[in-house]
Amino acid sequence: GEPLPLRCDLPTSYIELPSGYALSLLRMRPFVPSRQPYVNLDIHGGDLKVSASSPEIGEASEQWRDLEHGSAGDTLHICLSLPFLEAVCGVWPLRLYYFPEATMRPVTFVPAGATWRYLVMPIWERRTGAGRTVESVT
């Protein structure tokens, strides 16, 4: 017989990524250590902040405000692997669907037309004081 269709409902919270998002990731590259190649995404309603830091070079961040979003002030702080994010850099417009306040749930990138979905698992982290310590990258 034919395989059963795979059903995967998207979360209701999303943010429309700006056209400069891909360039922002490329500008973060020097600030991303090779041992821990992750960037931080902070979402609050229609605001998005992308940041990275390296002990040798310092910190970098870019922020956008009032982006199109489908949430009621939902927030999310998540660490994602930069190489996995670079896979969708050439695609725009692009929406990021997420589960609010769920730092260990995957996020899903969906292009206009929804012809495919790209699921990315977060990097597990434990906060320590004012900073953060990455426990595992696998």
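Predicted model: local features only at pLDDT ≥ 70, side-chain atom pairs only at ≥ 80, totals over all residues.

Student: How do β6 and β7 pair, and over how many bridges?

Tutor: The pairing of β6 with strand β7, residues 107-111, is antiparallel and extends over four bridges.

Student: And β1 with β6?

Tutor: β1 and β6 are also joined in the antiparallel sense, over five bridges. Within β6, Tyr 98 is the residue that stands opposite Ser 13.

Student: What about β7 and β8?

Tutor: β7 and β8 run antiparallel and are joined by three bridges. Val 107 has Val 120 in β8 as its bridge partner.

Student: What is the strand order of the sheet, then?

Tutor: The order is β1-β6-β7-β8, an open sheet of four strands with antiparallel pairing. β1 and β8 (118-120) are the edge strands, each pairing on one side only. On average, and with direction ignored, neighbouring strands of this sheet are turned by 25 degrees against each other.

Student: Is β6 largely enclosed or open?

Tutor: β6 is largely enclosed by the rest of the structure, because four of its five residues are buried.

Student: Back to Arg 95. Which residue does it form a salt bridge with?

Tutor: Its partner is Glu 16, and the closest N and O atoms are 2.9 Å apart. This pair links distant parts of the chain: Arg 95 belongs to strand β6 (residues 94-98) and Glu 16 to strand β1 (residues 13-17), 79 residues apart.

Student: Are those two side chains buried or exposed?

Tutor: Arg 95 is partly exposed, with a relative accessible area of 22%. Glu 16 counts as buried at 18% relative accessibility, because the limit for buried is under 20%.

Student: How many salt bridges does the structure hold?

Tutor: It holds five salt bridges.

Student: Where is Arg 29, which meets Glu 86 in a salt bridge?

Tutor: The salt bridge between Glu 86 and Arg 29 has an N to O distance of 2.8 Å. Arg 29 is in the loop between α1 (21-28) and β2 (38-44), and Glu 86 is in helix α2 (residues 82-86), so the pair links distant parts of the chain, 57 residues apart. Both are partly exposed: Glu 86 has a relative accessible area of 26%, and Arg 29 has 36%.

Student: And which residue does Asp 47 bridge to?

Tutor: Asp 47 forms a salt bridge with Arg 65, with the closest N and O atoms 3.1 Å apart. The pair ties together parts that are 18 residues apart in sequence, because Asp 47 lies in strand β3 (residues 47-54) and Arg 65 in the loop between β4 (58-64) and β5 (75-81). Asp 47 is buried at 17% relative accessible area, whereas Arg 65 is exposed at 55%.

Student: New topic: what is phi of Asp 66?

Tutor: It is near 55 degrees, a positive value in a residue other than glycine. Most residues other than glycine have a negative phi. Asp 66 is found in the loop between β4 and β5, and it is exposed, with a relative accessible area of 72%.

Student: Now the core. Which members touch the most others?

Tutor: In the largest nonpolar core, which has 30 residues, they are Tyr 21, Leu 48, Val 107 and Phe 109. α1 gives the most to this core, with four residues.

Student: What is Phe 109 in contact with?

Tutor: Leaving aside neighbours within four places in sequence, its contacts include Leu 17, Tyr 21, Leu 85, Leu 96 and Trp 116. Phe 109 counts as buried, at 0% relative accessibility.

Student: How many aromatic pairs are there?

Tutor: The count comes to two aromatic pairs. One of them, Tyr 14 with Tyr 97, is tilted, with 5.5 Å centre to centre and 45 degrees between the planes. Because Tyr 14 lies in strand β1 and Tyr 97 in strand β6, this pair ties together parts 83 residues apart in sequence. Tyr 14 is buried at 14% relative accessible area, and Tyr 97 counts as buried at 12%.

Student: Why is the pair of Phe 109 and Tyr 118 tilted?

Tutor: The pair is tilted because the ring planes of Phe 109 and Tyr 118 lie at 45 degrees, with the centres 6.3 Å apart. Tyr 118 counts as partly exposed, at 21% relative accessibility.

Terms used:
Residues numbered from 1 in each chain as written. Heavy atoms only, no water. Salt bridge = Lys/Arg side-chain N within 4 Å of Asp/Glu carboxyl O. Helix = DSSP H or I, 4+ residues; strand = E, 2+ residues; numbered from the N terminus. Buried < 20%, exposed > 50% of the residue type's maximum accessible area, 1.4 Å probe, protein only. Pairing = 2+ DSSP bridges. Axes fitted to C-alpha atoms, helices over the stretch in contact; angles between N-to-C directions. Core = buried A, V, L, I, M, F, W, Y, C linked by side-chain atoms within 4.5 Å. Contact = heavy atoms within 4.5 Å. Phe/Tyr/Trp six-rings, centres within 6.5 Å; stacked < 30°, edge-to-face > 60°.
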